[in-house]
Amino acid sequence: MGLTSDVVLALAVGSAVALFAGTVWLWPRLARRGWRAVGGRIGLLLATQVALFASVGLAANQSFGFYASWADLFGQEDDLGVVVDHAGGGGVKVLENGRVPGAPGLRPETNGRVQKVALAGRSTGLTVPAYVYLPPEYFQPRYRTHTFPAAVVLSGYPGTARSLVDKLNFPRTARELAADGRMEPMILVMLRPTVAPPRDTECVDVPGGPQAETFFAKDLPAAVEGHYRVDGKPGRWGVIGDSTGGYCALKFAMHHPDVYGAGAGLSPYYNALTDATTGDLFQGDESVRDRADLWWCLENLPAPETSLLVTSSKSGESNYKDTLEFIDRVKAAPPTRISSIILESGGHNFNTWRREIPAALEWLSGRLTEA
């Protein structure tokens, strides 16, 4: 049974309840002196607390999608990672076809489709797992020659690509917004920002290491446009992400406005983090360090022709003051355009981002349509 299985969570909760009840029932019998009684009391308390913490941890993982599997949890992930393609190929390999969660039926022409894919980068040699949402219109005869705008959707770190489908509900939200006429039907490419798990690359072209930014700026669009009916005109790609994915989304839109006409950062930060999960991202190269700092980019690089959206909350988000300062700096640096969603309260979590995603997708679609 998988880490995210409801059965595993139910077993953990059931074990915690049973151990608690057993402790209450057995405690009078163990309230004696002697090593056996003391050991029994310690064992019951320890077992109950382990079961309780396991239940809370599993429930939190179900809600926030920190780890997708037991292998992911224990650092033994065996999913697709860094692959060097010596033949220089690239493209999309479809691994599975699935339904859109929450859609009332299975017919793709009325409900759309979610495909699990592997994206192979021609220039970087990276192969990265992802999910692709295709809107219902993609399968309808009257749209058979139509090309669609596309958006890259990025999770946080160490989030999972599947959480973008099941927890943050991007495909379902996009389908409902398009059905209501609030956004243009759009292809979504959903994946983690790291291209070399378990390392957090912060979407940086690491000197001598994974070329994460190049993968997202060059390889991913080329692979997707070569496989799906994506509108390849400048500005018809957007990017949106939360937390680490939000930082990456802003960076891609600022660094590559010829590719990404708009970038939305949900609860973003504005400079690459460095810690034990990232390792040395810059290898002493100051130019790489500077490009990873969005504050430095605003001060020292020509203002790009792109649109940015940032989100925060007055209570519950640590990025609130930085976000207000970022808005002010971008407003003073035309032609870059800046928009924001500021909630009264909301933490750094899925519940907050689910409140922001509908408006953010509608905003993104509007900016790509204008391009």
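I began with a definition: a residue is buried when its relative accessible area is under 20%, exposed when it is over 50%, and partly exposed in between (1.4 Å probe, protein chains only). A second one was needed for the elements: helices (H or I, at least four residues) and strands (E, at least two) are DSSP runs, numbered from the N terminus.

**Basis of the entries**

I noted that this is a predicted model, in which local features need pLDDT of at least 70 and side-chain atom pairs count only at pLDDT 80 or more, while totals for chains, interfaces and linings use all residues. Residues are numbered from 1 along each chain as its sequence is written, and side-chain values use heavy atoms, with hydrogens and water left out.

**Entry 1: the whole chain**

I looked up the elements and found twelve helices and nine strands in the protein chain. Of its 371 residues, 49% are buried. I then turned to contacts (heavy atoms within 4.5 Å). Among those with a separation of 6 or more, 72% join residues 24 or more positions apart. The chain exposes about 17100 Å², and carbon and sulfur atoms supply 56% of that area; accessible areas come from the Shrake-Rupley method with a 1.4 Å probe, and for residues only the protein chains shown count as cover.

**Entry 2: the sheet**

In what order do the nine strands lie? I read the order as β1-β2-β3-β5-β4-β6-β7-β8-β9, in an open sheet with mixed pairing. Two strands pair if DSSP finds at least two bridges between them. At the edges are β1 (91–98) and β9 (337–345), each of which pairs on one side only. From one strand to the next, the twist averages 20°.

I recorded β7 (residues 260–266) in more detail. Seven of its seven residues are buried, so β7 is largely enclosed by the rest of the structure. Six bridges pair β7 with β6 in the parallel sense, and Ala264 in β7 stands opposite Ile240. With β8 (residues 307–315), β7 is joined by four bridges, again running parallel; there, Ala262 has Ser307 of β8 as its bridge partner.

**Entry 3: helices against the sheet**

Helix α11 (residues 320–331) lies across β8 and β9, at about 150° to β8. For these angles, axes are lines fitted to C-alpha atoms, for helices over the stretch in contact, and the angles run from 0 to 180 degrees between N-to-C directions.

Helix α6 (residues 170–179) is mostly covered, with seven of its ten residues buried. Among the buried ones I listed Phe170, Arg175 and Leu177. Just after α6, Gly181 takes a positive phi of about 75°.

**Entry 4: nonpolar cores**

A nonpolar core is a set of buried Ala, Val, Leu, Ile, Met, Phe, Trp, Tyr and Cys residues joined through side-chain atoms within 4.5 Å. The largest has 57 residues, of which Leu191, Phe216, Leu220, Tyr228 and Phe326 touch the most other members. Helix α8 (residues 244–255) gives the most to this core, with seven residues. Apart from it lies another core of 34 residues, among them Val114, Leu177, Ala262 and Trp353.

I also listed contacts of Tyr228 beyond its neighbours within four places in sequence; they include Val92, Val117, Leu134 and Ile187.

**Entry 5: the disulfide**

How many disulfides does the whole structure hold? The search found one, taking a disulfide as a pair of cysteine sulfur atoms within 2.5 Å. It is formed by Cys203 and Cys248, with sulfur atoms 2.1 Å apart. Cys203 lies in the loop between β5 and α7 and Cys248 in helix α8, so the pair ties together parts that are 45 residues apart in sequence. The torsion about their S-S bond is about 100°, so the disulfide is right-handed. Both cysteines are buried.

**Entry 6: two serines in loops**

Is Ser155 buried or exposed? With a relative accessible area of 2%, Ser155 is buried. It is found in the loop between β4 and α5. Beyond its neighbours within four places in sequence, its contacts include Leu191, Asp242 and Gly245.

Ser267 lies in the loop between β7 and α9, and is buried with a relative accessible area of 2%. Ser267 and Gly246 are 21 residues apart in sequence and 6.5 Å apart in space, C-alpha to C-alpha. Leaving aside neighbours within four places in sequence, Ser267 has contacts that include Ser243, Glu317, His348 and Trp353.
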